[in-house]
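User: Can you walk me through this one? I'd like to start with the sheet and then look at the cavities.

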Amino acid sequence: MLEIYNSLTRFKETFKPLHEGHVGMYVCGPTVYGDAHLGHARPAITFDLLYRYLQYLGYKVRYVRNITDVGHLEHDADEGEDKIAKKARLEQLEPMEVVQYYTNRYHRDMAALNVLPPSIEPHASGHIIEQIAFVQKILDKGYAYVSNGSVYMDVEKYAKDFPYGKLSGRNLNDIVTETRELDGQEEKKHSYDFALWKKAAPEHIMHWPSPWSEGFPGWHMECSTMGTKYLGERFDIHGGGLDLIFPHHEAEIAQSCAALGHETVHYWMHNNMITIAGKKMGKSYNNFITLEQFFKGEHPLLSKPFGPMVIRFFILQAHYRSTVDFSSEALEAAEKGLQRMQEAYARLQKIQAGKETSAIIGGSIDGLRQRCTEAMDDDLNTPFVIAALFDSTRAINTVHDGKGTISEADLNELREVWKTFAIDILGLRLEEQGSGDEKMKAFNGAIDLLLGIRLQAKQNKDWATSDKIRNELTALGFQIKDTKDGFEWSI
Ligand code: ZN
């Protein structure tokens, strides 16, 4: 049986992919029944960072991140009703219309956060046949039973042959006391048995035929099925939030061992959670803040809008295994930090190398690349990478302020390290300053100014200047129309 790692300490020494040069990685994606909030941003950014770093190390990565669009049962509030079905009933939409709507919005938010799209993004609803086959395999091996049209994992039987609870460090007694009375409890042999297939209640609108009933797969089933379908019966990395260790990932391990006789995942990686003013995010606290609300500043807990790069920087400032507590003040501090990086990056593009070969700044950037690499190798220690980059801003500012010079070689190295670590690996868009609205305002103002100069030139019969502005703006794709009292323009 393969070993379980909960983190990847010192990548280069300890990380051994199953197939040389290739990495298969699976990350539990969003449930698309509502807008993505801060809790979605952390795993997306953490595993985007890993995806980017593995590629930087030269691996060919197949990154699978699923879309949960069926069977995710919310135990506490929805009394077992599928969230997407419920939303569809409330909004009078086709369930797949709800799925598409929120998937599109999720993609929009992820693009704003500069999260790269995965190699494959499978939908649970598109893999019902494969999930039924997986459930059948578990039944054939004797680790599941059918009860009233539903199929449940026989956890007690499984635990005799495999170590159930290995990932979360729980034993069956712990699990019994944790499990509350839930829907379907009377159908199960034991409270800790979990559903592999659920018979749909008459009001349930998303259901499919199966050998056992018209119904839908249990939530844990989709990840076991789609992970092995696209990455093979054994693959390298499975990621997700810490809250998924139990029951979701523990159940996935059990399903895979039961069906295949062995574990599928070589390394498990979990990002820690984000709390809001010390509290878990949750429906009962009513403290979910969607990413769109952050970008627009539309939430009572927010002092102002925060751009997507501020959110990304805020998350990367902490190590992925530590908790992060959100507050408006913490985001404002992150915004200041990001601005300092943006300013340093802009200066780095402008400064010039000194003429003397032995320029004085060189020493302070010695070992910068190595410090950044070692920090990333040490279980993706992004706070150390950010600190190393901040250290180098002193050199940038010294040259910028004319208090020192830098050699051509050192300047090139400094630019390359920033490009590699800040832009490519941390995925920070440092060239962007100001929000989209501010940029648009400045852009429109600049065009109006230019056309105002042209108008002035025309009035002065300076045809050369007037034609030059008109022709060059036209060549750039602008349409300029002279009007009675001035001009109009469009692109
Ligand atoms: Zn999953």
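Analyst: Here is a quick tour of the sheet and then the cavities, from a predicted model.

User: What order do the strands of the open sheet take?

Analyst: Four strands run in the order β2-β1-β7-β8, with parallel pairing. The edge strands are β2 (60–65) and β8 (265–271), each pairing on one side only. From one strand to the next, the twist averages 20°.

User: How many bridges join β1 to β7?

Analyst: Three bridges link β1 (residues 22–27) with β7 (residues 235–241).

User: Which strands does helix α8 touch?

Analyst: Helix α8 (residues 219–231) packs on the sheet and touches β1, β2 and β7. Its direction makes about 160° with that of β1.

User: Switching to cavities. How many are there of 30 Å³ or more?

Analyst: Three cavities are counted at that cut-off.

User: What lines the largest cavity?

Analyst: I45, T46, L49, I315, L316, A318, Y320, L380 and T382 do. By class, seven are nonpolar, two polar and none charged. Helix α2 gives the largest share, three residues. Domain 1 (11–271) and domain 2 (279–425) each give at least three residues to this lining.

User: And the second largest cavity, what residues line that?

Analyst: About 40 Å³ of space lies there. The lining is E252, I253, S256, E263, T264, V265 and W268. Three are nonpolar, two polar and two charged.

User: Which element gives the most to that lining?

Analyst: α9, with three residues. The edge strand β8 supplies at least two.

Conventions. Residues are numbered from 1 along each chain as its sequence is written. This is a predicted model: local features need pLDDT of at least 70, side-chain atom pairs count only at pLDDT 80 or more; totals for chains, interfaces and linings use all residues. Side-chain values use heavy atoms; hydrogens and water are left out. Two strands pair if DSSP finds at least two bridges between them. Axes are lines fitted to C-alpha atoms, for helices over the stretch in contact, and angles run from 0 to 180 degrees between N-to-C directions. Contact means heavy atoms within 4.5 Å. On a 1 Å grid over the protein atoms alone, a cavity is a set of points where a 1.4 Å probe fits but cannot get out, and a pocket is an open set with protein on both sides within 12 Å along at least five of seven lines; lining residues have an atom within 4 Å of a point. Grid points are joined across faces, edges and corners, and a volume is the space filled by probe spheres set on the points. Ala, Val, Leu, Ile, Met, Phe, Trp, Tyr, Cys and Pro count as nonpolar, Asp, Glu, Lys and Arg as charged, and the others, Gly among them, as polar. Domain bounds come from an automatic or database domain assignment.
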